[in-house]
Amino acid sequence: MSKIDYDLKKIKAVAFDIDGVLSPSCIPLGHDGTPQRMVNIKDGYALQLAVKRGLKLAIITGADTPSIKVRYEALGIKDVYLKAGRKIEILNGWMADNGLTAEETAFVGDDIPDYQPMTSVGLSVAPKDAASDIKAIARYISPVNGGHGVARDLLEEILKAQGLWMNDAKAFGW
């Protein structure tokens, strides 16, 4: 039984914000002022496994750092949207392009730019340290802070509910 109060068997797709979700809220800057984001290896494992298991994944972020695209495309995520000023428009287009309904889609966000996308999907998810306005609308609040395994927490629950977690030898490698 899942700790998430939602029928996770319905979920076919998950879209993630980056800063405060897949990376911590505090971002060091490089010597040239370029943000240097951290990534969580357990998130990475769960993301690539979810792609292999057939979940559609997207990154929708206001950030404009090329390393984001490199990192997540290397994990098999083809839909990486940078400079997303209005995330709701990108989310709606991505859902339409992939034939997804709201109840089949989850969005993971942590701050005000994520508010509209989170209210437009069946499963809205926030990290433990999300802004209070976001936690107020989240259907599920992960027990971990952003950048510290939020994707792993959610994707493991989805894949377990769908019988796709550790179900064959392919699950044990990259």
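Is Arg53 buried or exposed? Select Arg53: with a relative accessible area of 19%, Arg53 is buried, where buried means under 20% relative accessible area, exposed means over 50% and partly exposed lies in between (1.4 Å probe, protein chains only). The model is a predicted one, in which local features need pLDDT of at least 70, side-chain atom pairs count only at pLDDT 80 or more, and totals for chains, interfaces and linings use all residues. Residues are numbered from 1 along each chain as its sequence is written, and side-chain values use heavy atoms, with hydrogens and water left out.

**The whole chain**

Display the protein chain as a cartoon. The protein chain has six helices and six strands, taken as DSSP runs (helices: H or I, at least four residues; strands: E, at least two) and numbered from the N terminus. Followed from the N terminus, the elements read β-α-β-α-β-α-β-α-β-α-β-α. The protein chain is as compact as a globular protein of its length, because its radius of gyration is 15 Å, close to the 16 Å that the globule rule gives for 174 residues. That radius is taken over C-alpha atoms, and the rule is 2.2 Å times the number of residues to the power 0.38. The C-alpha trace spans about 45 × 35 × 30 Å along its principal axes. Of the 174 residues in the protein chain, 48% are buried.

**Around Arg53**

Return to Arg53, which lies in the loop between H1 and strand S2 (56-60). Show its contacts (heavy atoms within 4.5 Å). Not counting residues up to four places away in sequence, Arg53 touches Leu159, Leu164, Asn167, Asp168, Lys170 and Ala171.

**The aromatic pair**

Next, select Tyr45 and Trp165. A search of the whole structure finds one aromatic pair. The ring centres of Tyr45 and Trp165 are 6.4 Å apart and the planes stand at 85 degrees, so the pair is edge-to-face. Rings of Phe, Tyr and Trp (its six-membered ring) pair if their centres lie within 6.5 Å; planes under 30 degrees apart count as stacked, over 60 as edge-to-face and the rest as tilted. Tyr45 belongs to helix H1 (residues 41-52) and Trp165 to the segment after helix H6 (150-161), so the pair ties together parts that are 120 residues apart in sequence. Both Tyr45 and Trp165 are buried.

**Two lysines in helices**

Select Lys87, in helix H3 (residues 87-97). Lys87 is buried, at a relative accessible area of 6%. Leaving out residues up to four places away in sequence, Lys87 touches several residues, including Asp17, Thr61, Phe107 and Asp114. Ile60 is 27 residues from Lys87 along the chain, yet their C-alpha atoms are separated by 6.6 Å.

Move to Lys69, in helix H2 (residues 66-74). Lys69 counts as partly exposed, at 32% relative accessibility. Apart from its neighbours within four places in sequence, Lys69 is in contact with Val80 and Leu82.

**Two positive phi angles**

Most residues other than glycine have a negative phi. Select Lys83, in the loop between strand S3 (79-81) and H3: its phi is near 55 degrees, a positive value. Lys83 counts as exposed, at 58% relative accessibility.

Finish at Met166, in the segment after H6. The phi of Met166 is positive, near 50 degrees, and Met166 is exposed, with a relative accessible area of 51%.
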